[in-house]
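Trainee: Please walk me through this structure one question at a time, beginning with the words that I will need.

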Amino acid sequence: MPPILNAQGVSKRFGATPLFEKISFAVNEGDRIGLIGPNGAGKSTLLAVLAGEVEPDSGEVSVRRRARIGYVRQISEYAAGMTVRSVMEAALERASVPANEREQRLRETLGRAGFADDGTDTSIRMDAEAASLSGGWRKRLAIAEAMVTEPDVLLLDEPTNHLDLEGIEWLEGVLRSARFACVVVSHDRYFLENVASEVVELSRVYAEGVLRVRGTYSKFLEGRELYVEAQSKMQEGLRNRVKTEIEWLRRGPKARATKAKARIDNAHELIGKLADVDSRTRTSSAGIEFNATERQTKRLIEFEDVSISLGGREIVGGVSFNVTNGMKLGLVGPNGSGKTTILRAMSGEIPATKGTIKRANGLRIVYFSQLREIDPTLTLRRALAPDSDSVVYQDRVVHVASYAAKFLFTGDQLNQPVERLSGGERGRVLIARLMLQPADVLMLDEPTNDLDIPTLEILEEALLEFKGALVLVTHDRYMLDRVSNIVLGLDGHAHARVFADYSQWEEWKGVEQGYVANQQAAANSSQRASATSSAPPTPGKKKLSYLEQREFDGIEERVDKADARMAAAHDRLDDNAVVTDPAALTEALAEMEAAQAEHDAVYQRWAELTEKAG
């Protein structure tokens, strides 16, 4: 069967700057593709090209006949007056779904997404105005709107950005069990690990513009490591050949008189090829480093039986905890559970309704708001240095251009308004401004939205090295696990509890939410046990069937073949002729992935048959 979507030789540029060139990309039945890449690589644009909303400058995108494409944009917005139900009805109308099927499909899809007629504590009413929903619920609605049309492939652009942890887990379940294929742009590493069956990185560092590896995100990291290692060998071999040719060229016309013109042309071709490889593989990273004060005070912020009510509703009730020097505190909980409210109370922006909040004298708090307040009409220069062309960074005067370069901004961007920057670039601007302020307590409210994976990794390192106290709100489970050394979990019902780590909070949340269900299951199990107490005993373990026995008899030969294929794939990657040829290198890496998959499958089947045979 042909691919659902097939992009061949697609290129796109804005002005003189190419986003990507000659990209080939196919989506087949059952694919769950995670699309990653650095900020500015063109991931969102490529997704829009696949969706048919943006025309490529060259190349073409073909769609299988009668295939339906669902597309969820990065920002989900709805017109005033539209309700959850009317949004879904409009989607069904556009998809020409038969009228007698619409109501059932609408209710099933909205129910799975957490919407209901009555709007209980854990759901939103179907007659709620779509534009008034929180970012997380608007994202759920946008995903449901695309799913109700029963697409053959669903394209999602940063769907986890506004979802809370519960919403992310919901989406993971939806995509893992879906019959449609999907392409998801995401920087959430745990999400990619749990969902993707294939990862594609869009980046100019690759000879073909993309690297595609079958398997989870961790498998992708292994594949990328192999690619980088092989490319490094190729680059070194090419550099040695260029050195030899340059030495020959320098001998002068007389020494070259007897040499073929083809060698001169070849020498220049090699020099150009090396320059191209060096240019592609030269990468930059943001220099993120937060500045802590030298404060020695142990207790910085104390919450004693604190309750906070807003608009007549209790958001936080009876919470007690301390923020101490060097603590890395992660705040977790569903959207609306009070995470941002606690940050605002810590900073003194809002008072406690009950209880007391104590802060150390002269406490310096630096606060990164998820609202990312920044005047979009400001130029980048004035956003970083409001009053002059220099900033004071770590007690040194630094020119604004040099400081901007730490965050991967060019001199040409200094006079551009902030509104022309991408979401990830705006995030870097805000982090750059925070770094100019020494802090006793650093409060970050959803700092990871729109940041690419390399920047996230640098941010994590900076937070781990920060000597002051950190209070972190994020839906990035990987960052929570890596950075926080204590977790304050909020249950969405004004209650909070302290945990050693995120996993412990997850376990507690599951027990709390599933208590009634577990009790009912135990009762049902007891009833079944009573009803079947007189049933005949269960037969022992089955032996192998005839076909399984035949398979088992030949399994060792299959294992030997899989081992031989793996060894041959490794040998090919060590071949200089392969690693110096980008096309051959790509084929070799694909063969390595296929060999690894076959190897793993054979060994797993061998273990299953051995256990069953006893």
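Mentor: A residue is called buried when its relative accessible area is under 20%, exposed when it is over 50%, and partly exposed in between, using a 1.4 Å probe and protein chains only. The model is a predicted one, in which local features need pLDDT of at least 70 and side-chain atom pairs count only at pLDDT 80 or more, while totals for chains, interfaces and linings use all residues. Residues are numbered from 1 along each chain as its sequence is written, and side-chain values use heavy atoms, with hydrogens and water left out.

Trainee: At 35% relative accessibility, what does E103 count as?

Mentor: The value of 35% lies between the limits of 20% and 50%. E103 therefore counts as partly exposed.

Trainee: Which residue forms a salt bridge with E103, the closest N and O atoms being 3.0 Å apart?

Mentor: A salt bridge here is a side-chain nitrogen of Lys or Arg within 4 Å of a carboxyl oxygen of Asp or Glu, and in general side chains of opposite charge can pair when their charged atoms come close. The partner of E103 also belongs to a network of salt bridges that links R85, E89, E103, R107 and D117. With its closest N and O atoms 3.0 Å from those of E103, the partner is R85.

Trainee: How many residues apart in sequence are the parts that D31 and R212 tie together?

Mentor: The side chains of D31 and R212 meet in a salt bridge, at 3.7 Å from N to O. D31 lies in the loop between β2 (17-27) and β3 (32-36), whereas R212 lies in strand β11 (residues 210-214), so the separation of the parts that they tie together is 181 residues.

Trainee: Which helix holds R189, the residue that is linked with E460?

Mentor: E460 and R189 form a salt bridge whose closest N and O atoms are 2.4 Å apart. The pair links distant parts of the chain, 271 residues apart, with E460 in helix α14 (residues 453-465) and R189 in helix α6. Both residues are buried, and the helix that holds R189 is α6.

Trainee: How many of the residues of strand β20 are buried?

Mentor: Helices (H or I, at least four residues) and strands (E, at least two) are DSSP runs, numbered from the N terminus. In β20, A469, V471 and V473 point one way and L470 and L472 the other way, and all are buried. The strand is largely enclosed by the rest of the structure, because the count of its buried residues is five of the five.

Trainee: Which strand and β20 pair in the parallel sense over five bridges?

Mentor: Two strands pair if DSSP finds at least two bridges between them. Strand β14 (residues 328-332) and β20 pair in the parallel sense over four bridges, and L331 stands opposite V473 in β20. The bridge partner of A469 is V441, and the strand that pairs with β20 over five bridges is β19.

Trainee: Within what arc do the buried residues of α19 fall?

Mentor: I555, V559, A562, M566, A569 and L573 are buried in α19. Seen down the axis, with the arc being that of the directions from the helix axis to the C-beta atoms, these buried residues line one face of the helix, because they fall within an arc of 90°.
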